Amino acid sequence: MGREGLFRLRRGDWMVLDRTGPLEVRAQLPGLLLGVAPGAGAHEIVRDLGLLPGRGRMTSAQLRIAMRLWRKGASSVTRDAIGGSRSALRVLLAHVCALQQVFATGVARCPGRSLP
């Protein structure tokens with residue numbers, strides 16, 4: 001739960017939130033939630049990719065890709081705390097960004113919000 005409200009995520013759901021303040025996460029068993037909270041140094045990655053706040057659903061194939069990227073990123077963090085983790089983060093966020101392309105037409109027509 002955050003400033004945006006309360007959300008129930010199901011298997012395959014993804015969500016991108018603005019970094020606007022504290023966030024409370026509650027999970028029930030059996031369940032798994034993978035979260036990525038890029039630090040201040042990763043802001044340019046998010047901006048360059050054009051990642052926007054939003055919510056959607058992954059197919060089973062997209063979910064398998066995301067899990068593979070997550071595992072690969074986790075192992076690269078243990079090997080290389082700087083370059084590997086930034087590279088892995090970019091690839092994982094690029095995957096989520098590709099999932100957001102279904103919203104491209106609507107975003108283009110939406111006045112107001114723009115990328116920083």
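Is Asp 48 buried, partly exposed or exposed? In this predicted model, Asp 48 counts as partly exposed, because its relative accessibility is 48% and the exposed class begins only over 50%.

The protein chain contains four helices and two strands. Followed along the sequence, these elements are arranged in the pattern β-α-β-α-α-α. Of the 116 residues in the chain, 21% are classed as buried.

The interior may be considered next. In soluble globular proteins, nonpolar side chains tend to be buried together. Here the largest nonpolar core comprises 13 residues, and Trp 14, Leu 51 and Met 58 are the members that touch the most others. Helix 3 makes the largest contribution, with five residues.

Helix 3 also carries Cys 97. This cysteine counts as buried, because its relative accessibility is 8%, and the limit for that class is under 20%. Although Cys 97 and Gly 50 are 47 residues apart along the chain, their C-alpha atoms are separated by 7.1 Å.

Charged contacts link further parts of the chain. Side chains of opposite charge can pair when their charged atoms come close. Across the whole structure, two salt bridges are found. One of them joins the side chains of Asp 13 and Arg 57, with an N to O distance of 2.4 Å. Asp 13 belongs to strand 1 and Arg 57 to strand 2 (residues 54–57), so this pair ties together parts that lie 44 residues apart in sequence. Arg 57 itself counts as exposed, because its relative accessibility reaches 53%.

The other contact returns to the residue of the opening question. Asp 48 and Arg 90 meet through their side chains in a salt bridge of 3.9 Å, N to O. Since Arg 90 lies in helix 3 and Asp 48 in helix 1, the pair ties together parts that are 42 residues apart in sequence. Arg 90 is partly exposed, at a relative accessible area of 34%, and Asp 48 is likewise classed as partly exposed.

The nonpolar patch is formed by Phe 7, Leu 9, Leu 17, Leu 23, Val 25 and Leu 33, which together have about 510 Å² of accessible area. Val 25 is located in the loop between strand 1 (13–16) and helix 1 (43–49), and Leu 33 is also found in the loop between these two elements. Leu 33 is partly exposed, with a relative accessible area of 46%.

The patch of positive charge on the surface brings together Arg 11, Arg 64, Arg 68 and Arg 71. Among them, Arg 64 is placed in helix 2, which covers residues 60–79.

How values were computed
Residues numbered from 1 in each chain as written. Predicted model: local features only at pLDDT ≥ 70, side-chain atom pairs only at ≥ 80, totals over all residues. Heavy atoms only, no water. Patch = residues over 30% accessible without salt bridge, like charges linked within 9 Å, V, L, I, M, F, W, Y side chains within 5 Å. Areas by Shrake-Rupley, 256 points an atom, 1.4 Å probe, with all protein chains shown as cover. Salt bridge = Lys/Arg side-chain N within 4 Å of Asp/Glu carboxyl O. Lys, Arg positive; Asp, Glu negative; His and termini not counted. Charge placed at Lys NZ, Arg CZ, Asp CG, Glu CD. Core = buried A, V, L, I, M, F, W, Y, C linked by side-chain atoms within 4.5 Å. Buried < 20%, exposed > 50% of the residue type's maximum accessible area, 1.4 Å probe, protein only.
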